[in-house]
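Subject: The model for you to look at

Hello,

Here is the structure I promised to pass on.

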Amino acid sequence: MKQEPEEVDILAVGAHPDDVELGAGGTLALMAMRGRTFGILDMTRGEAGTRGTPEIRAQEAEESARILGASFWKVLDLGDGCLRTDRQAELEVIEVIRASRPLLVLAPLALDRHPDHVRASRLAADASFYAGLRSLVTGLPAHRPQHIAYFPANFVPDLNFLIDVTPVFEKKLEAIRAFKSQFHNPGSREPETFISSRAFLDGLTARAASFGRLANVTYAEGFISQRPPLLEDPVRAFDGFEPGFRTERA
Ligand SMILES: [Zn+2]
């Protein structure tokens with residue numbers, strides 16, 4: 001997996017390896033299937049995790065990025081369990097944004113149980129704005145993504161839009177299972193954690209099914225957006241809610 005950023009449509013940012021896959025893996029796999037390009041940026045190496053090592057987690061993250069169809073996977077070292085958001089950290093993220101020139105950034109929601117997710121959210125949003133300042137000279141041309149949308153992790157407030165990930169849901173699970181050290185693995189001798197339980201994986205599927213219910217599809221991912229998405233066709237956008245009405249009627 002390529003680690004140097006290249007130009008992509010979407011940059012998906014996470015605090016830890018596996019954040020992006022959990023929150024937006026289906027959307028990314030779907031976008032790749034439709035010819036969109038994306039890169040994954042993990043802000044930390046996951047060294048504070050109870051299970052696995054940074055080396056193992058790097059291999060897992062690369063494998064997972066490959067499964068989803070990423071153009072690149074890049075990892076920074078901003079400190080797991082103490083994620084830095086100082087100017088130096090900001091500049092590192094700005095460099096990745098300027099090098100990958102995304103139209104859309106996907107980032108963790110700033111409302112969460114894990115403070116690293118909160119900090120990563122803010123850092124992604126701030127860096128996305130500052131990356132567009134021409135007065136900030138870094139060697140790469142200025143670039144500001146058009147928008148940032150946030151994916152929830154532990155806490156789920158009202159969602160602003162849904163993506164039907166039914167066709168790629170098995171691929172999302174495959175990408176998550178690539179993190180063998182982190183998630184349910186009956187053969188592992190490492191200590192059980194919140195996310196390594198069977199219930200966590202079951203809950204992930206249950207949540208996707210629950211989000212899917214909102215649009216009468218099998219599985220969906222939900223996002224939070226500070227500005228509303230512009231719909232091309234509100235009939236189509238809400239089609240299918242009443243059983244039997246999902247039609248191709250123009
Ligand atoms: Zn995380």
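A polar contact here is a pair of N or O atoms within 3.5 Å; within protein, one must be able to donate a hydrogen and the other to accept it, and residues adjacent in sequence count only if both atoms are side-chain atoms. Please keep in mind that this is a predicted model, where local features need pLDDT of at least 70 and side-chain atom pairs count only at pLDDT 80 or more, while totals for chains, interfaces and linings use all residues. Residues are numbered from 1 along each chain as its sequence is written, and side-chain values use heavy atoms, with hydrogens and water left out.

Let me begin with D116. A polar atom of its side chain lies 3.2 Å from the backbone nitrogen of L83. D116 sits in helix α4, residues 115-130 (helices are DSSP runs of H or I, at least four residues, and strands runs of E, at least two, numbered from the N terminus). D116 is buried but has no salt bridge, and the nearest side chain of opposite charge, R119, is 5.1 Å away. Buried means under 20% relative accessible area, exposed over 50%, and partly exposed in between (1.4 Å probe, protein chains only). A salt bridge needs a side-chain nitrogen of Lys or Arg within 4 Å of a carboxyl oxygen of Asp or Glu; Lys and Arg count as positive and Asp and Glu as negative, with His and the chain ends not counted.

Next, the zinc ion. Its protein donors are H16 (ND1), D19 (OD), D19 (OD) and H117 (NE2), at 2.1 to 2.7 Å. Donors are N, O and S atoms within 2.8 Å of the metal (3.2 Å for Na, K and Ca), and sites may look incomplete because water is not among the atoms. Along the chain, the donors follow the spacing H-x2-D-x97-H. H16 and D19 are both buried.

Now the salt bridges, of which the structure holds eleven. One of them joins D9 and R36 (3.8 Å, N to O). D9 lies in the segment before β1 (10-14) and R36 in the loop between α1 (19-33) and β2 (38-42), so the pair ties together parts 27 residues apart in sequence. D9 is buried at 19% relative accessibility, whereas R36 is partly exposed at 42%. Another salt bridge pairs E170 with R177, with the closest N and O atoms 2.7 Å apart.

Finally, I176 belongs to helix α5 (residues 169-177) and is buried, with a relative accessible area of 1%.

Best wishes
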